[in-house]
Amino acid sequence: MKNIISLSFALLFVFSIYPQQQTNWHNYADMKYVKDIAATSTGVWSAAQGGAFFYNISENSFKTYSKADGLNGTELTAVGIDDENKVWFGSASGQLDVYNPETNSFTSILDIFNSDKTSKKINDITVAGDTIYIASDFGISLVDAKNYFFYDSYFKFGNFTSNIKVNNVLISNLIYAATESGIAIQKAGATNLSAPESWNVYDQNSGLPTGGVNVISFYNSQLIAGTNSGLYFFDGTNWQPFLTLQGIKIIDLTTKDNSLFILTNNKVYTFDGTSLIETLTTNSVTSKIAFQDNSGFIVATNLGIYL
């Protein structure tokens, strides 16, 4: 059974998407619109329009975080968890807030917020070792997870426009970036990634549709991309349509073992390597999908989280 968990307008309500319905009432700020989620072994962290919250699945309990708790950003747009279990939140205004569970405290990082960029929204947070990769409306920034120092930024990829919007970053030996113009992939052996020539770029001339790429992932060692017009895979040279989802906006992807979970505007599809199954349909606006071992896939929506 899947439930939707929502914090909204001083009201916390939990109700089943099936006819049986469960409702609990508490007093919280508006955190209904969840923009991103990150699963842990015990629950799920949510970056919401009105702040952050953690839902403990086994205890069916919530902990919310707002300015009163030291959270600087308000309209949160991204969340990631580093190797020391610190939780990184990004906001629409470029603020980064790092929550340390051991000290129950936040540290605010304002480099992007104080930059001269016109649009500073943080779209994605990816963790790889001691490096935090921040995908923003103007490129990719690298932050040291231990000292919070910004030590590199990439604004230009191949012949793509400078300060391009990056929607998602994937790290797997190389750096893969899903951008509003297509996909940028670090060239093997390239070290000066600030140089445009250090990147291979792919757009409609390489088989991708117009409209940009929302997410990039590996599934069974196959590089795939979710676009505004379907799912595509990389054949080593060009991009080819994948599965039967052409013309459908792919918002997010996640994998678990041999299963690929595909999030569209109002559906979740599951592909097991053979069959593509429609697993969930919702009337809410979806934004992200993650997998949690006890609950299966979890979906962030404008009405809360499905789990």
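**Loops, strands and pockets**

Reply: Asp257 sits in the loop between E23 and strand E24 (259–263). Strands (E) here are DSSP runs of at least two residues, numbered from the N terminus. Bear in mind that this is a predicted model, where local features need pLDDT of at least 70, side-chain atom pairs count only at pLDDT 80 or more, and totals for chains, interfaces and linings use all residues. Residues are numbered from 1 along each chain as its sequence is written, and side-chain values use heavy atoms, with hydrogens and water left out.

Me: Why is Asp257 called exposed?

Reply: Exposed means over 50% relative accessible area, buried under 20%, and partly exposed in between (1.4 Å probe, protein chains only). Asp257 has 66%, so it counts as exposed.

Me: And what is the phi of Asp257?

Reply: Positive, about 55 degrees, although Asp257 is not a glycine. Most residues other than glycine have a negative phi. Ser221, in the loop between E19 and strand E20 (222–227), also isn't a glycine and has a positive phi of about 70 degrees. With 70% relative accessibility, Ser221 counts as exposed, too.

Me: What makes E23 and E24 a pair?

Reply: Two strands pair if DSSP finds at least two bridges between them. E23 and E24 have five and run antiparallel, so they pair by that definition. Lys256 has Ser259 in E24 as its bridge partner, and the hairpin has two residues between the strands.

Me: How do you know that E24 pairs with E25?

Reply: Four bridges join E24 to strand E25 (residues 267–271), again antiparallel. Phe261 stands opposite Thr270 in E25, and a hairpin of three residues links E24 to E25. As for cover, four of the five residues of E24 are buried.

Me: What makes something a pocket rather than a cavity?

Reply: On a 1 Å grid over the protein atoms alone, a cavity is a set of points where a 1.4 Å probe fits but cannot get out, while a pocket is an open set with protein on both sides within 12 Å along at least five of seven lines; lining residues have an atom within 4 Å of a point. The largest pocket has a volume of about 740 Å³. Of its 27 lining residues, the closest to the centre include Asp124 and Ile289.

Me: Which strand gives the largest share of the lining of the second largest pocket?

Reply: E27, with three residues. That pocket has a volume of about 540 Å³, and 22 residues line it, with Lys121 and Asn167 among the closest to its centre.

Conventions:
Grid points are joined across faces, edges and corners, and a volume is the space filled by probe spheres set on the points.
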